[in-house]
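Subject: A structure to look at

Hi there,

Here is the structure I promised to pass on to you. Have a look at it first, and then read on for what turned up.

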Amino acid sequence: MTLPLSYSPEVADARARGLPLVALESTIITHGMPFPQNIETARAVEAEIRAHGAVPATIAILDGTIHVGLTDAQLDQLGQAKDVMKLSRADLAVCLAQGKTGATTVAATMICAHLAGIAVFATGGIGGVHRGAEESFDISADLQELSKTPVTVVAAGAKAILDLPKTLEVLETLGVPVIAVGQDELPAFWSRASGLKAPLRMDDPATIASAHRLRGALGLAGGQLVTNPIPVEAEIPRAEIMPVVEEALKAAAVEGITAKEVTPFLLSRLFEATEGRSLTANIALVLNNARLAAKIACELV
Ligand code: PSU
Ligand code: MN
């Protein structure tokens with residue numbers, strides 16, 4: 001059986017020429033940011049990667065085909081589409097079989113990136129262990145994927161809506177290296193500080209690329225999680241964002257939000273509560289991650 005997989009002209013050319021590629025997810029476009037900032041950000045992130053010497057490959061499933069690299073028209077279409085599936089490892093094949101359209105989370109993007117031979121992926125924040133997971137068992141499939149699929153994921157840490165100590169514990173159990181860049185502390189998405197020391201630190205893209213290669217040489221499955229703090233001028237300090245996060249979590253509990261809806265619900269609540277500041281910060285940190293991912297990708301080729 002041949003896989004329904006299609007490369008954009010730009011990505012096909014980069015693959016043929018052996019240029020450095022950086023994968024980008026699409027759930028951040030369909031479920032993470034409102035229109036039109038979602039499309040504007042997706043374009044800006046792609047431009048940032050090109051400006052730093054690599055080729056962007058935004059990944060999504062359109063009408064039952066995996067697209068690695070989206071054309072302008074496809075990005076426009078996805079950014080305004082309704083009823084887009086939010087795909088993880090569990091539902092990727094079902095979406096393809098049904099000929100549907102779906103956005104890839106970190107987990108599904110890693111799977112598709114690896115299929116396409118792309119080793120580096122930039123996003124905002126990964127999913128993790130949700131607060132109250134001891135009751136709800138809500139642990140993002142992103143964590144398992146990091147232990148299985150050899151892609152280096154650049155994120156701004158895990159969101160403060162999660163239980164960060166538990167997220168670190170699960171990643172350690174799964175054998176996923178959690179690497180902070182430029183500081184010892186694990187960054188917490190909107191804030192540079194989390195109050196937690198990151199297990200590992202590497203400041204240099206070349207060393208991060210080398211560690212990626214050495215994992216492969218050791219025969220270890222899985223990738224690396226590179227946590228890159230949001231730039232100082234864009235951050236929302238922890239003391240400011242935490243009360244807003246607590247309110248959003250209460251609202252989610254009152255409204256009975258569960259499973260895949262939790263993360264999008266909390267993000268849109270925070271957007272309203274911070275009058276858009278959480279989105280401005282989110283955009284800045286994704287751009288910052290795109291820059292670092294491009295540098296790592298350039299070191300890897
Ligand atoms: N980071 C963002 N915005 C997002 C996400 C991450 O800045 O919307 C998405 C990613 O696709 C991630 C997903 O994989 O949220 C996690 O969802 P869940 O908690 O349901 O696993
Ligand atoms: Mn979940």
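Which residues line the second largest cavity? Before the answer, please keep in mind that this is a predicted model.

The lining of the second largest cavity is made up of Ile126, Gly157, Ala158, Leu164, Thr167, Leu168, Leu171, Leu186, Leu225 and Thr227. Two elements, helix 9 (164-173) and strand 11 (224-227), each provide at least two of the lining residues. Helix 9 has the largest share, with 4 residues. Sorted by class, this lining holds 7 nonpolar and 3 polar residues, and no charged ones. The space inside comes to about 50 Å³.

Now for the other one. Helix 3 gives the most, with 4 residues. By class, the lining of the largest cavity has 8 nonpolar residues, 5 polar ones and 1 charged one.

If you wonder how such spaces are found at all, rolling a probe the size of a water molecule over the atoms shows where empty space is left.

Enjoy exploring, and write back with any questions!

Best wishes

Definitions and conventions. Residues are numbered from 1 along each chain as its sequence is written. Chains are lettered from A and ligands numbered from 1 in the order in which they are written. This is a predicted model: local features need pLDDT of at least 70, side-chain atom pairs count only at pLDDT 80 or more; totals for chains, interfaces and linings use all residues. Side-chain values use heavy atoms; hydrogens and water are left out. Ala, Val, Leu, Ile, Met, Phe, Trp, Tyr, Cys and Pro count as nonpolar, Asp, Glu, Lys and Arg as charged, and the others, Gly among them, as polar. On a 1 Å grid over the protein atoms alone, a cavity is a set of points where a 1.4 Å probe fits but cannot get out, and a pocket is an open set with protein on both sides within 12 Å along at least five of seven lines; lining residues have an atom within 4 Å of a point. Grid points are joined across faces, edges and corners, and a volume is the space filled by probe spheres set on the points.
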